[in-house]
Amino acid sequence: MAKSHVPAARNVLAILRLLSTIDVPISASRIRSELDLPRSSTYHLLNEMVESGFVVHIEENQTYGLGLAAYSMASAYSTQQPLVRLATNQLRDIATFVAGSGHIARMSGAEIVYLQEVRAPGAVSLVTDKGVRLPAYKTASGKIMMAFQSESEVRAAFSDKGASAYFAPYKKQVGTLRARGWAEEREEVSKGQATVAVAVKDHLARPSAALAVTFSINEENLAREAVVVDRLALLAAELSRRIYGKKAAD
């Protein structure tokens with residue numbers, strides 16, 4: 001097949017493809033190196049892609065990652081992704097156990113983006129709908145995924161001015177989060193709501209996604225929290241085996 005006669009369009013698609021294959025935001029110099037692009041063209045294309053929302057620029061460490069527009073375009077496909085397809089029904093069952101909502105999320109730089117939300121009948125409507133992005137450090141999903149990331153990635157997630165105060169307390173929790181395998185938050189995202197989350201890890205023990213359940217804070221639900229965590233952990237282990245072909249590393 002002949003190459004496109006519109007090199008700018010070809011380069012834009014190449015940048016999007018590159019960013020979609022790397023789990024963390026990367027610098028413009030790495031993008032230039034990986035794709036063999038001229039310096040001026042790279043910055044021009046990135047600026048246009050930031051303006052249109054397809055790429056996000058993280059000023060604190062001068063890196064670039066996929067933007068909301070790219071995730072929005074992929075939302076129709078997300079329901080067909082193995083992760084969403086395999087997890088949705090069981091996640092809905094777990095959420096129904098506490099009359100709450102189940103979520104599937106992935107990291108995107110310093111944020112998490114929700115790929116799926118399922119609600120039990122009568123569950124409270126939340127802000128965490130499909131496609132929504134929230135600061136990772138405020139969510140149970142973000143906390144447990146960061147627990148299995150490198151220190152540099154975690155620091156980047158707390159690089160915003162408003163987030164820096166949360167870094168030291170979070171670092172004190174990391175050992176506990178890794179050891180027990182789940183994270184929680186209570187009323188940090190929605191008043192009267194608690195969330196527990198576990199990570200779905202790949203064959204390299206990297207967090208590829210998180211499974212979470214949010215429920216109203218009451219005596220009955222809190223008594224069931226341990227059961228919810230156990231069921232989420234079993235589902236995460238099953239997804240790791242089915243998606244990555246073998247048992248995920250501990």
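Predicted model: local features only at pLDDT ≥ 70, side-chain atom pairs only at ≥ 80, totals over all residues.
Residues are numbered from 1 along each chain as its sequence is written, and side-chain values use heavy atoms, with hydrogens and water left out.

Biologist: How far apart are the end C-alpha atoms of helix H3?

Modeller: Helices here are DSSP runs of H or I with at least four residues, and strands are runs of E with at least two, numbered from the N terminus. H3 covers residues 39–51, which is 13 residues. The expected span is 1.5 Å times one less than the number of residues.

Biologist: Which residues of H3 are buried?

Modeller: Buried means under 20% relative accessible area, exposed means over 50%, and partly exposed lies in between, using a 1.4 Å probe and protein chains only. The face of H3 turned away from its buried side carries the exposed residues Ser 40 and Glu 51. The buried residues are Thr 42, Leu 45, Leu 46 and Met 49.

Biologist: Which strands are included in what covers the buried residues of H3?

Modeller: Contact means heavy atoms within 4.5 Å. The cover includes helix H1 (7–21) and helix H2 (28–35). It also includes two strands, S2 (55–58) and S3 (63–66).

Biologist: Which strands stand at the edges of the open sheet of three strands?

Modeller: Two strands pair if DSSP finds at least two bridges between them. The order is S1-S3-S2, with antiparallel pairing. Each edge strand has a single partner, so one side of each is left without a neighbour in the sheet. The edge strands are S1 (26–27) and S2.

Biologist: Is Thr 63 buried or exposed?

Modeller: Thr 63 is found in strand S3. Leaving out residues up to four places away in sequence, it touches Pro 25, Ile 26, Ser 27, Val 56, His 57 and Ile 58. Its relative accessible area is 9%, which means Thr 63 is buried.

Biologist: How long is the polar contact between the side chains of Thr 63 and Asn 61?

Modeller: A polar contact is a pair of N or O atoms within 3.5 Å; within protein, one must be able to donate a hydrogen and the other to accept it, and residues adjacent in sequence count only if both atoms are side-chain atoms. For the side chains of Thr 63 and Asn 61, the value is 2.8 Å.

Biologist: Which strands are the edge strands in the open sheet of six strands?

Modeller: The order is S6-S5-S4-S9-S8-S7, with antiparallel pairing. Each edge strand pairs on one side only. They are S6 (133–135) and S7 (183–186).

Biologist: What residue in S6 is the bridge partner of Ile 112?

Modeller: Strand S5 (residues 111–119) runs antiparallel to S6. Three bridges join S5 and S6. The partner of Ile 112 is Leu 134.
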